[in-house]
Amino acid sequence: MITNITKDNFEAEVLQSEKPVLVDFWASWCGPCKMIAPEVEQIAMERDDIKVCKVNVDEEGELSIRYGVMSIPTLLIFQNGEVVTTAIGYRKKDEILDLLK
């Protein structure tokens, strides 16, 4: 399951999560974002030890600024409320999973 994140649910869903959280910053007009979406969806379906979330940068500019997202797609991995890994640009599923190790 993928959780759509807004500034209103960010703290509860991401910062307070017991599990590691993969957050995909994306936009509907972004070609590489469309390419990475199925990879992120597969991870969400296959791994219940990871929470997978998406942030639409056009709707949630405040979160994008807060985390310094300048290019999309940007994947941020949070653990215990802190960013532990950042990846910018398209990644294959295996590469994304490697980031989560």
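These legends describe close-up views of a predicted model.

**View 1. The five-stranded sheet.** Five strands form an open sheet in the order S1-S3-S2-S4-S5, and their pairing is mixed. Strand S1 (2-4) and strand S5 (82-88) are the edge strands, each pairing on one side only. On average, neighbouring strands of this sheet are turned by 25° against each other, direction ignored.

**View 2. Strand S3 and its partners.** Strand S2 (residues 21-26) and strand S3 (residues 51-56) run parallel and are joined by six bridges. Val-21 has Lys-51 as its bridge partner in S3. Cys-53 in S3 stands opposite Val-23, and Thr-3 also stands opposite Cys-53. S1 pairs with S3 over three bridges, in the parallel sense. Five of the six residues of S3 are buried, so the strand is mostly covered.

**View 3. Helix H2 on the sheet.** Helix H2 (residues 31-46) packs on the sheet and touches S1, S2, S3 and S4. The direction of H2 makes about 155° with that of S3.

**View 4. The ring pair of Phe-10 and Tyr-67.** A search of the whole structure finds three aromatic pairs. In the pair of Phe-10 and Tyr-67, the ring centres are 5.5 Å apart and the planes stand at 45°, so the pair is tilted. Phe-10 belongs to helix H1 (residues 10-15), while Tyr-67 lies in the loop between helix H3 (61-66) and strand S4 (74-79). The two residues are 57 residues apart, and their pair links distant parts of the chain. Phe-10 has 1% relative accessibility and therefore counts as buried, the limit being under 20%. Tyr-67, with a relative accessible area of 22%, is partly exposed.

**View 5. The ring pair of Phe-10 and Phe-78.** Phe-10 and Phe-78 form an edge-to-face aromatic pair, with 5.8 Å centre to centre and 80° between the planes. This pair also links distant parts of the chain, joining Phe-10 in helix H1 to Phe-78 in strand S4, 68 residues apart. Phe-10 and Phe-78 are both buried. Ring pairs link Phe-10, Tyr-67 and Phe-78 into a cluster.

**View 6. Lys-54 and Trp-26.** The charged end of Lys-54 sits over the ring of Trp-26. Its distance from the ring centre is 5.3 Å.

**View 7. The largest nonpolar core.** This core has 18 residues. Ile-5, Phe-10, Val-14, Val-23, Phe-25, Ile-72 and Phe-78 are those with the most contacts inside the core. H1, S2, S3 and S4 are the elements that give two or more residues to this core.

**View 8. The surroundings of Ile-72.** Leaving out residues up to four places away in sequence, Ile-72 touches Phe-25, Trp-26, Ala-27, Trp-29, Cys-30, Cys-33 and Val-57. Ile-72 and Phe-25 are both among the residues with the most contacts inside the largest nonpolar core.

**View 9. The second core.** A separate core has 13 residues. Among them are Ile-43, Val-52, Ala-87 and Leu-100.

Definitions and conventions:
Residues are numbered from 1 along each chain as its sequence is written. This is a predicted model: local features need pLDDT of at least 70, side-chain atom pairs count only at pLDDT 80 or more; totals for chains, interfaces and linings use all residues. Side-chain values use heavy atoms; hydrogens and water are left out. Rings of Phe, Tyr and Trp (its six-membered ring) pair if their centres lie within 6.5 Å; planes under 30 degrees apart count as stacked, over 60 as edge-to-face and the rest as tilted. Helices (H or I, at least four residues) and strands (E, at least two) are DSSP runs, numbered from the N terminus. Buried means under 20% relative accessible area, exposed over 50%, partly exposed in between (1.4 Å probe, protein chains only). A charge sits over a ring if NZ of Lys or CZ of Arg is within 6 Å of the ring centre and within 35 degrees of the ring normal. Two strands pair if DSSP finds at least two bridges between them. Axes are lines fitted to C-alpha atoms, for helices over the stretch in contact, and angles run from 0 to 180 degrees between N-to-C directions. Contact means heavy atoms within 4.5 Å. A nonpolar core is a set of buried Ala, Val, Leu, Ile, Met, Phe, Trp, Tyr and Cys residues joined through side-chain atoms within 4.5 Å.
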